[in-house]
Every structure is written in structure tokens, then in C-alpha cells.
Amino acid sequence: MLHQLKNGSCTVQELYAQCANRVQVIKSLNAYIRVTDEVSQVQLQESTTRYLKGTTRLMEGIPIAIKDNFCTKNITTTCASKMLENFVPTYNATVVERLLDSGAILMGKTNLDEFGMGSGTTESIFGPTKNIWGSNLISKANDIDNKVSGSQSDDFFIAGGSSGGSAVAVAAGSCSVALGSDTGGSVRNPASYCGVVGFKPSYGSISRYGLIPLVNSMDVPGILARTIGDCRSVFEVIKGCDPKDSTTLQRTLNKSKTKRSSSKFDKLCVGIPKEFYCPGLSSEVIDAWKDVADLLENSGFRVIQVSLPHTSYSIACYSVLNPCEVASNMARYDGLRYGYRATGKDLNSTESLYAANRSHALNQIVRGRILAGNYFLLKENYDKYFVQALKLRRLIYDDYVKMWSTGVDILLTPVTLSDAPLFSEFTEKDSRAQSADQDYCTQPANMAGIPALSLPVRLSKRNLPLSLQLMAPHFDDETLLDVAHLLEKELNFPHPTVKVA
Amino acid sequence: MINCGVIMNSFCKQRRNLPFWMPITGIRAIFTKSLDLACAQEKRKNWESVVGLEVHAQIKTSSKLFSGSANKFASPANSLVSLFDCAIPGTLPVLNKKAVEAALLTALALNCNVNLVSEFDRKHYFYADMPAGYQITQQRLPLASDGYLDFAVFSSAVHKAAYKKQSKIKQLQLEQDSGKSLHEESCSGSLIDLNRAGVGLMELVFEPDLKDGEEAVACVSELIRILEALETCDCKMEEGSLRVDANISVNKPGETFGTRTEVKNLNSLRALARSIDYEIVRQIEVLEKGGKITNETRGYDPQQKITLSMRDKEEKQDYRYMPEPNLLPLSLLQLKLDPSDFRVRIPVLPEQERTMLMEKYQLSLETAIQLVNGRNIDYFLNVMDALPNLPVKKVCSLLLTDLLGLLHKDEKTIQECQINPRQFAKIVELVKNKKISHSASQNLLLLLYRGDLRHPEQVVEEEGWTMINDPKQLEVICKQIISENPKSVAAFRAGKAKIFKSLAAQLKKECNDKYDMGDATQTLKRLLEEKNL
């Protein structure tokens, strides 16, 4: 997109008008919590001037959307929770600041599961986000018949989550790129279901300052884009050390390792981890996985089977570590300084006010995790649960270290077990069971801190996107993007055309 | 940061409208009567008491431990609050290197083993002045551990010999201070001031190796002297920049430690001493009546001079500690902080000073304590430097008794004294050389203290205070006293030795500060006894 803007084949106003139109067209999908047209109009003005003056910045005029758990100055940041429904931050998250400083235009804030706890974007106080695939918003010209079949008319395919709003916003072309956050797969999962690129960079390569945390030790701001090129442009702008986030990498990445010319691909080794061939994996995903592996082999890669023995423990480990950090991070939501505040005559003690604020304004999943986390952290349980989970996390991490040391450069795995499920199917299961299915293939990368990317591959029989995941060693994000870029060209995934209003 | 202030203000306004119950108002008075401490002294003889201290010392840095907002006392409420300090979502802690440096220097001065890598933990509890719902502290792997503090116990009020004592330090950890809750009757609610929230603290955990309030005061006083010398804490207990919690238990000799109670937030040395001694006696009384001591937190009420139970015993806190995920382990080497660089920066500490005084000048422990603990040592050393051959005892008595007496009356310290050490040395030299009597030296001191600008020798000459070193003249005066007081002399000679005092008083008057009073009284005594033969 940026290329077209810079070479003049499309103007900022044209691009903006197109996106703004699509924001309106897809309203029924509920991708946006808040559309920020007052802000974007001002930004558009500045971008227009800059194109005239020739003083464009790196992302000049690129329409973006931001998941509503990144703080945006003077714009409500809700986390899709009643607790923060009226919370207006006075600061920008570092990633937001970097995007806006480089000329991006903010179209709006996107929907998510409350505080990012979920994998369907179905647990938002603003209602679920619907997938654009299978909706009636895709024009027939796409030659795709993707109506929801065999179910009630108000059913729909889920967007995936928790960054479902951002994924749909990008898939529909209402923005060029969007930010999501990925703790257990929250960028890659909706990217997979919505047929867009979902990139979770290495932990430590991108600042978390201003990202309202879920699990601090796993959260990574992620990028949703239609193309690897767009994804890479955003990564270039937002990555790098931030003095406000002590967990960002201080040194710059090793350039010699990260710079790679396409001719060197034939020396790369692709690992196929057998543990990802898991129960519940659909035959369509298996076929896609095999085909892409063959494609890589034919392109000169060495493809081998590898083993990551502790993969299946990742979800169990996550189900302890996640609630512990959640319990801790959520402790600040007491309603005193900001956030929902209950009123009532019976609120005559600090404790009763806290209890009322928190039980009214946090949903059942959030409260359930707070309860579980506090239980795991009790003195008598700490060693039994938290410490054990940390040991398990280390084993998972070590699996990857050992595997990379055998000369593997990239992993190819499924990202979700199938194409997007229907809302009705998805909500049959409880939150824990959903997580076990949805996060199985994505969660280990968060445990290990490594970069991972969901790449749309082809359409399923139901005309829904099928995607695969690539993973690379920690801080080898560039190799990951290089390989993804090569595959993208070969696969030529059909992006949907949204009907014009 | 400015916007945050607005948030806080609106929050405070909100609070005023709500009826509010805070734990602190729930203090339950268990003992309302002040105990008879004198009577209790007797009881204490059959018991041993054990005291362990925890000291929270605010680190003297210009900004807070994990945020850039200023660390200043008595600023307008909620004016020093960054986004991080009021736990705005998405904010992250950034460690203040200066605070680490101060804590490192302190740890080394307190003979601790420094951990080259330490870690931060979250300690969870809900309290209105704890915005994040947890405090960042160092529970599992502190900055330093296994230190000790040498100090001397000596109270001039109690007629006991001074002695040396050591308290072991379990650990020294970095942590955040909390905000302050204000419980205003007028607004039927609580107000929160977060200026203090996030200020860096050094928490020093001492082993339970003290025995009473006096030792506790001596220990904390010594700690204050050290922290002030290091300039790592300003130690203003009344402002809360140094606060002490005391753990107290009693047991019969030979038995294991009893159940302890904790007295929290003691903000003066007097409160520290009194609360501990009160608590010891209270526990003994409870046990002697067949009762049990509850492991509980108590507060000290300085008005009633008693301790009070603060929480119900059922309410056992589980702090659900968890490693702080937003901070890397604190690696001193990564921060380029080498402990050996800091070791050489430690100034001469009071314990070394006392030892030096005792060794070099043969002073008693008591005198050394008086010189060092009252910060009179520099003056003393300057006097001794000015005239190295002065009699040390004379210097100390004129300094510690006479000069400090004058200063004390005016509530001044030696640093504010008008008499410089050189002048002072001259006065002592005049006494040493028998140029003036001891009482004349006191007069001289007073004159100079009041601002007389003349040279000490000039004063002596002009005031006619030069001492007369003539035994004959002294005898004349003594004989005159004897002849003028026949009744008293007769009574003395009849064996009423006490009458000598009144004769000596007359003699002193007659001598008019021009004679050595030691010589004078000896002469009088000799003459009285001679005639007796």
C-alpha cells in the first residue's frame, strides 16, 4: 500500500476514503469498538500536506487500526470491559506513538475478548466480532460461495481472538494494517481464521509500554496485515528498545544474521515438528501443511521432521501461569482511581466497594482466572503449581533451543486446527476447552518467546481461509519474514473484495 | 503526569461523597490502662524478652524507585504522581539506578553480603493507598543479606555501665513505599495522597537479638548515624522517612522464644522505646495471669502510651508473592556497579570512631559514646589537633559537661558554637598550666560563649582571674574561715563531718575563683585536722 502511495498511483485521500467507506460497510461485523474519524481527519490533513511538500514519513498516510487494549491518548481504551468502558488514557502506548509519529492514520480501536481473555472475540461487552468470510459482505465477483450453511440465520463464523476486531478490520480492507496483542496466539489465531498475515515478533523486540497486560512474560504486540510487505514496514517502525519497557532488548539485532538474500534459501532447513500433528487437526489443514512443506522442498529448502516433546504440556502450563499473572495484573482494578465504580448504600467499607466494583465490572472468565491465579499463588500452593509450571515452561523453551541447535532455521506447523468454526459450535465449549483447542499450536511460541507468524494458504471447502504457522529462533524475525514473503508469492492467497456501499 | 493529577483530584472528590470505613478506624482497644511500669520492673526479672526490628528507610534520591516523579516531603497532595505511581494500566516500572547505588552503599556499610544478582517480587494486598494492589519488593532474593550492626548501649539517665552490642541483619531489600490514607472525620470518608507511593525504601530486617526498648533505641540511633553519614536516607522519623516495626516476645529463661507481636510504624525513638517496654510488660502480665499471646499486629498510641491490637487475629494475610515479570533480575554488573568501588566510598563510621577514641586517647566507652553519638567528635579532634598535649580528661569534662551544658540550654548543637576549637584548647591549656582555676575556666567559657571577642588570656588578665599558686596565702584564707566560724569548726571537730561542706562553700566564695579549689579544700581540711590534734 505504502508503495502505491509513494509512487503516486493512489493518493492519501483515495486510500482513506476507501477505508472509511469499508469501516461503514462492515459495521455489522462489529470489528471496531470506536471509529476515530475526528482524529483521522486531522491526520489525513497533515499527511496530504506532507505528500504535497515531499516531507513524508515512513508510514505516511497508511490507515491503521489498534486493538482496544493499547493505550491511546485522549481516546477511550476499554479492553472490551465494563471496568474500563470510560477509561481515557493520557498517554500513547509506545507502539501507537511510533506509528502515529511516522504518519499513520488511526481509523479506530478494535474489538477483543475482555482483557484479551478468549480466543474468539466473543467475550466483549460490545458483543462478538463476526468473520467477514462467510458473511454477505463479500462481493460475488470473488467467485466464492461462502454463505453460512446448515445453521440458523443469525449464526456466523467467528473471527478468532482475542484480536478478532483487528483481523476483520484488515481482512475487510478498512485499514492497511492493525495492531493486535499475542499472549497465547491472540494475533495468529484470528489472522488464521480471517485470512490475513498475523505476526507475533520475538518477545523483547517490541515495547509493551501502554499495552494493558494479560500475561507480562508472554504478551507481545503483534501485527495484522494483508501482505508480508506491509507487515514488515510496520515491524520496522515499531520494533526496538524502549527505555520505558525494561524487557525490551537493549542491543540492536545482529544485522549479518538477519540480512538474507533470496538466493540463500536453499541452505535453509525447515523443521516439521511431529507433536503438532495433534488430535482434532482437520484433514484440510493436514493437506495444506503437507503441500506447503512440499512447496518449500521444491523451492530448495531442506525439510526434516523434528520433535518438540513437551509441546502438549504447553496448554496445561499456560492454564497456571496465565491466571497467576492475571490475578496480579487485575489487582489494580479496584475502581478507586479510574474505572467502573459501583454506588449503593450498602457500600460502607473499602472491601465492599472493591467487591462490588470488581464483581459488577469484570466478566465471569476474568473473575474465574483471578480466583484460580490467587489460589495457585497461595503460600501452600506456590511450589505445587506456579513453580511446577515455570519448570514446565523451561522444558518447553529448552525443546526449542535443542531443536534449533541441530541446524533447523524455521518451523512449519498448523496455526489453528481447522478453518473458522461457527459461533454456535465455538460457544458450546467453555473458555478452558476453547483455549485448549484454539491455542494448542500457537501457545508454545509464547512460552519460548520466539517469533511466529500465521500465513493464509488457501481456502477450505467451505470457502474459509486455511493458514499455517512459521516459527523462527528468538530474534531471528527477519528470516521468518523472508520465508513468509517467499511463500506468500507462491501461494497467492485470494483476498476478499468487500462490497461497496 | 499533569493529567494524572487531575485524575487523582477528581478521585478524591468522589471519595468525599462516600461513607467509608477504613481498617485503621477499626483499632480495637484491648488495654486501655497504662501499665505501672515501675512495679513491672520487678516482674521483668523472672522473664527474658526478645526484640527484633524491621526498619523502612526512604532512599534519599531525587526521584522514585520505579518512576520519574519527584521524591519530596510535604508537597501538595497528589502533585508528585506519575502514571505508573497511580497504577494506570499499561505502565511499567523502570528501576532507578541511583536508588540501587544508595542501597548498595548502605548494605556494604552494614557488613552485608551483596548479591550480584537480586530479584523483584510482587507482594499482593488490597489497600486503598496501594494503587496496583501489590507492592514491588525483594522477598526471595534481596539485594543484600547476612550483615550486622555494631553499636553501644548507654543511657546517661540510667545508672548503668555502657556496653557494646551487635544486631545481625538478615537482609536488606529494595521496595516501594505506599501512599498515605487520610481519615478525615469532616468528610465522612478517606482521602488518598499518592505522593509517597513508589518512593524507594530500603527494608532492613534484623534478627531478634535485642532485649528491650533501650537496646532497640541504641540500635536504631546507630543506624541513623550510619545512614546520615552515608547520606542514603535523611532519617527524619517524624516525617516518616525512617520507620521502625518491632517484633516482641517474652519467655522464661531457658525456654524457647514466646509468641511474638509486631508493633508497626513507630515514628520516634521515644515511641520505639516505650512501645517495646510496654509490650514486654503487657505480655508478661497476660502470661502470668494464665493467658496467651496472640500473633498479631499492634499499633502504638503515644497519648495513652500503650499498644493496641490493629487487626483481628483471624485475618491472616497471604501475600501471594510472585516474581515481578516486568523487571529483569537486578544485575549489579550489568548496571556497571562494582561493589568494590562502593566499599572505598564508605566514610569512617561511628563504631570505628569510638574505637579510635578509646585506643588513641584512652577514653572510656561512655566518653567515646558521648563524643561520637552526639556528633561532638570533630570538635574534640580539632581541639586535640590545635594543642596535642592537652589533658584529655580535662578537655572532655569541659567539653561534654560545661560547653554542651551551655549549648543544651540554648538548644544548639556544637556545630553552632561560637567558641572555635582553638580558643577552647587555649582555655584548657590555661587550666592545665595552672594559670586559671577550674571555676575560672567555666567563667571564661561562659564569657566567650556569649560572644566576648577578646583573647582568652587577655580576658583572664583583664578580669583578674589569674590563679594564685601561693600555699601561704591559701593558709591565710583558710585560717580566717576557721576563726570566723567557731561553732561549725567545733561541730566538725566533734565528729560532725558533714559540716565541712558549709565551710568549703565559704572557702570557695573567699577564694573568688583565683585558687585551685582542690588545693584549697585540702588545705582547709589539713588545718582543721591539725588543730584537732
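Modeller: Start with the area. Domain 1 of chain A and domain 2 of chain A bury about 2400 Å² between them, and carbon and sulfur atoms make up 67% of it. Buried area here is the accessible area (1.4 Å probe) that two parts lose on being put together, summed over both. Three residues stand out on the domain 1 side. Lys82(A), Met83(A) and Met117(A) supply 29% of the area that domain 1 of chain A buries against domain 2 of chain A, more than any other three residues.

A word on the basis. This is a predicted model, where local features need pLDDT of at least 70 and side-chain atom pairs count only at pLDDT 80 or more, while totals for chains, interfaces and linings use all residues. Residues are numbered from 1 along each chain as its sequence is written, chains are lettered from A and ligands numbered from 1 in the order in which they are written, and side-chain values use heavy atoms, with hydrogens and water left out.

Now the two parts themselves. Domain 1 of chain A covers 2-265 + 408-491, and domain 2 covers 311-390. These bounds come from an automatic or database domain assignment. Taken over C-alpha atoms, the centres of the two domains of chain A are 27 Å apart.

Next, the contact. On the domain 1 side of chain A, 27 residues take part; on the domain 2 side, 25 do. Contact means heavy atoms within 4.5 Å.

What holds polar atoms together here? Eight residue pairs, both at pLDDT 80 or more, are in polar contact between domain 1 and domain 2 of chain A. A polar contact is a pair of N or O atoms within 3.5 Å; within protein, one must be able to donate a hydrogen and the other to accept it, and residues adjacent in sequence count only if both atoms are side-chain atoms. Salt bridges between these domains of chain A number zero. That term needs a side-chain nitrogen of Lys or Arg within 4 Å of a carboxyl oxygen of Asp or Glu.

Look at the domain 1 side again. Helices α15 (431-438) and α16 (443-448) of chain A each supply at least two residues of the side that touches domain 2 of chain A. Helices (H or I, at least four residues) are DSSP runs, numbered from the N terminus. By class, this side of domain 1 of chain A has 14 nonpolar, nine polar and four charged residues. Ala, Val, Leu, Ile, Met, Phe, Trp, Tyr, Cys and Pro count as nonpolar, Asp, Glu, Lys and Arg as charged, and the others, Gly among them, as polar.
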